[in-house]
Structure formats: C-alpha cells, structure tokens
Amino acid sequence: MSEKYGDVFTLHFGPKRVVVIAGYNAVKEALVTQADDFADRPKSPLFDLISKNHGIIFSHGEEWKSMRRFTLSTLRDFGMGKKSLEGRIQDEIIALIESFKCYNGKPFNPHLIVNSAVSNVICSIIFGNRFEYDDPTFKKLIRMLDENARIVGEPKALLFNFYPFIGTLLGLHKKVMQNIGNLKDFIQKNVKKRRLEFNANDITGYIDAYLLKQEQESTKTETYFHDENLHYSVLDLFDAGTETTSTTIRWGILLMMKYPEIQKKIQDEIKTHIKPGQLPAVEDRKKMPYTDAVIHELQRFSNIVPLNVSHAPPTDVYFRGYCIPKGTEVIPFLTSVLNDKTQWKTPYDFNPNHFLDKDGKFVRNDAFMPFSAGRRACAGESLAKMELFLFFTGLLQAFTFYPPPGVSREDLTLKPDVGFTLSPPKYMTCAKLN
C-alpha cells in the first residue's frame, strides 16, 4: 500500500481512522526528528480497559514521563546494561541448560521453558527473587501472559477496539480481563508482602524502589506514585520483559534448525573466543561479530512487533504536508522499516550479512529498529540486548539444535503465529549436547 499511496496514508477500520507511516526515512522522521509530535498514545478501548491508562506503556503526558523516567533510572540501578546483571542472567542460563538436558536429545517444545527462563530475569529485578520452572503459580502466570499476547492480536480484539459496544455485548474482552485480574492479584500480594518487609536500607527490587519513592513523595499533595501506577508498571515490566525476548529466542532456535550451516559458524566462533567450561559474557560480543550479526538479523527477520505500539500526536501536527489531528491513532509501521528495500539487500531472507562488511566485521544499520525509536522506544532495550546475546550464545555453546526424526529442514515453516506479537509457529526441537 505504501508503494501505491506513499509513506503516509490513512486506513479506515469501521468508524476508526488510522494513519500509517511507512518506510525507514518516514518512521525515523516521525519518531526521532519530530519525537514530541508523536509521543502520546491514542484512545484504544481494549488497552484502555487493560491498563486504565496507568503504568509505562499506555500512560500519557506527565504521568507517562514520570513513570518512564523512574523506571529507566531504577532498571539502571539494578544493573540494566551493567556487568552486575550479567551474573543473574548467567545463573538463569545454567538452569535453562539443565532443563534442556532433561530431554536427553529427544523432541520437546521449548516454548514455556524459554519463557520461564527469560521471565525469571525480569522477576529478579521486579520482585528481588526468581521462581523454579515447575512452580505451579509461576507456570500459570507465564501461560496467562502468553495467552493475552495471542488474544489481543486476534480479530475479536480488533472488533472490540473498533466497535467497543458490540465487543462488550459479545464479551470479547472477558478472557483477557480475567487474566489481567489474576496477574494483578499476584502483583498486589507481592506488593503487600514487600511493604510489610520494607527496609529503606535494603532495596532488593523494583517494588522496593517504588515504595521508597512513595515514602519520599508522601508529603506532596499530588503525586503519580500511587499504588495503581505501581501495579500497572510492574505488570508492564513483567509482560514486556517476558514476551518479546523469549519470542525472539524461540525464533532463534527454529532458525538454527532451518539453517544448520549458520548454527555451525556461530559454534565455531564460540569455540574460538570462549574457553571451555566458561559461560558467555557480555564482553565476548565484541570478539564475536558473526554471532552478533546473526542475533541482529534474527531480530530484524522475526519482526515480532510488526505494527509497533500505536502512537498519537498530543496536538494537531503537520507531517510531510499532511495535518494529523490531535489524538489520531498513528502506526509507525516497523515491518516497513525492517523490510525496507532501500536499506536491506535481501529484506525477506534471513541473511546475517546484512550486519557484516566484506571483512566479516560487524556493521550497524540505522534501519535496525526492533525496539522502535524516539521517546517511546522500549525501556528495556539494553536489558533485552544483554539477554539475547547471553541466552542465545549460551544455548548454542551447550547444544546443537536439530529437527525431530522424520522432519527435514525443508519441512520447517517460518510462517508466524499472529497475535500482538509475531511468534514462531509451534515446533518441536532436539537439543543434543555438544
């Protein structure tokens, strides 16, 4: 459609008008050059119901700025992007490898195990502790997050957003709200527990840091640091910190089965630069350009948040000759950036050479935007990058992934399951120890 109508065009979904911004140059102009003009969120009946416009992802204005600023600062305090967090992730890699070993090279579905491992990293930051993979409460929480990610991308969710009255009558939102209610109950219990045990001199996680901030703001007549924002901020972190990174890793395992020659090259690089018996460390990335390129290409190719999260102008805005009214839903179309023919040699192929020069050195590409860009870029970007390198490299150091007996690499489909994110199709893998 962008090839026919240009980089900015309007779609009508029933009574709802949506502006789509397509292509690297246009999306960058909107989100980076004119960042303030597209820094808001549009009204979305389903997401408004889910979030009550609180938290980090769907809040607006000064409330959003306060929550994002506090969250970025707190995540940095707990090691995001620093070596101190590396040890937590490495501990989780050990647990994940042990879980994979239990299958003794026989076929299994890695979905929930990978989700649990990745979720434990953000859980250690939020709650100050991790969970065992077989903990029934934890398993239930992971399943609910997974289910919601699928449901909110289904046609019935879109129908609820475009015709909320009809959606309410048909009860299209009930399962999502039931899951959100259960997740919030779990978070509230944890907040209550942390509040009873609170010690300003022993801040062990995001919840403790928030309670300390509440204490500091207690004399103010107005504050955004109320319990509702705490509950929804924790929910946002828990959800986003679990779903996106784990989905990318699951794509990685599938693509390694599909392209064993790429898997072999990564393993050769691992053997060259990481000593036997040592886990991957963040500093290893600089010495491993091919692995780094594969992980970047994995994020580009899997394109797990294709529509981005919708933006909206806080006031009427002029963009590329068009007036976009205040509050209009704007989709900065990430698929069109990650598949932009002017930026990528083979946009529809899985090709690590997109991030390598002729000498095999890693090269950046400004059109690499899986975390979005600008004011609303993913708050956990540096955490996700660290996790992706350590988990992916750690798994390929320990295992070689094969399709199950009777399944050829040609049989493996890369057609995604559609939800709010694009997940890999359901698959079984065999993880054989190296």
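Okay, let's start with some rings: Phe100, Tyr103, Phe108, Phe399 and Phe401 form a single aromatic cluster. For the pairing rule, rings of Phe, Tyr and Trp (its six-membered ring) pair if their centres lie within 6.5 Å, and planes under 30 degrees apart count as stacked, over 60 as edge-to-face and the rest as tilted.

Before I go on, a word on what we're looking at. This is a predicted model, where local features need pLDDT of at least 70 and side-chain atom pairs count only at pLDDT 80 or more, while totals for chains, interfaces and linings use all residues. Residues are numbered from 1 along each chain as its sequence is written, and side-chain values use heavy atoms, with hydrogens and water left out.

Back to the rings. How many aromatic pairs does the rule give? The count comes to 23 aromatic pairs. One of them is Tyr103 with Phe108, a stacked pair at 4.2 Å centre to centre and 10° between the planes. Now I need some words for how covered a residue is: buried means under 20% relative accessible area, exposed means over 50%, and partly exposed is in between, using a 1.4 Å probe and protein chains only. On that scale Tyr103 is partly exposed at 32%, whereas Phe108 is buried at 3%. Then there's Phe131 with Phe138: the ring centres are 4.9 Å apart and the planes sit at 15°, so that pair is stacked too. Phe131 counts as buried at 14% relative accessibility, and Phe138 counts as buried at 0%.

Next up, charges. By salt bridge I mean a side-chain nitrogen of Lys or Arg within 4 Å of a carboxyl oxygen of Asp or Glu. Searching the whole structure turns up 27 salt bridges. Take Lys16 and Glu329, whose side chains meet in a salt bridge at 3.4 Å, N to O. Where do these two sit? Lys16 is in strand E2 (residues 16–21) and Glu329 is in strand E5 (residues 329–332), so the pair ties together parts that are 313 residues apart in sequence. About those labels: helices (H or I, at least four residues) and strands (E, at least two) are DSSP runs, numbered from the N terminus. Buried or exposed? Lys16 counts as buried, at 17% relative accessibility, and Glu329 counts as buried, at 14%.

Another one is Lys175 with Glu147, where the closest N and O atoms are 4.0 Å apart. This pair links distant parts of the chain, with Lys175 in helix H10 (residues 174–196) and Glu147 in helix H7 (residues 136–151), 28 residues apart. Lys175 is partly exposed at 35%, and Glu147 is partly exposed at 23%.

Then we have Glu217 and Lys220, with the closest N and O atoms 3.1 Å apart in their salt bridge. Glu217 counts as buried at 11%, while Lys220 is partly exposed at 47%. And some bridges share partners: Glu147, Arg150, Glu154, Lys156 and Lys175 are joined that way into one network.

On to cysteines. A disulfide is a covalent bond between the sulfur atoms of two cysteines; here the cut-off is a pair of cysteine sulfur atoms within 2.5 Å. The search of the whole structure finds zero disulfides.

Now have a look at helix H12, residues 227–258. Its expected span is 1.5 Å times one less than its number of residues. For 32 residues that should be 46 Å, and the end C-alpha atoms are 47 Å apart, which agrees. Of those 32 residues, 27 are buried, so H12 is largely enclosed by the rest of the structure.

Last stop, the surface. Leu159, Tyr163, Phe165, Ile166, Leu169 and Leu170 make a nonpolar surface patch of about 620 Å². Patches are built from residues with over 30% relative accessible area and no salt bridge, joining like charges within 9 Å and nonpolar side chains (Val, Leu, Ile, Met, Phe, Trp, Tyr) within 5 Å; the areas come from the Shrake-Rupley method with a 1.4 Å probe, and for residues only the protein chains shown count as cover. Which helix gives the most to the patch? That's helix H9 (residues 164–170), with four residues. Ile166 lies in H9 and is partly exposed, at 38%.
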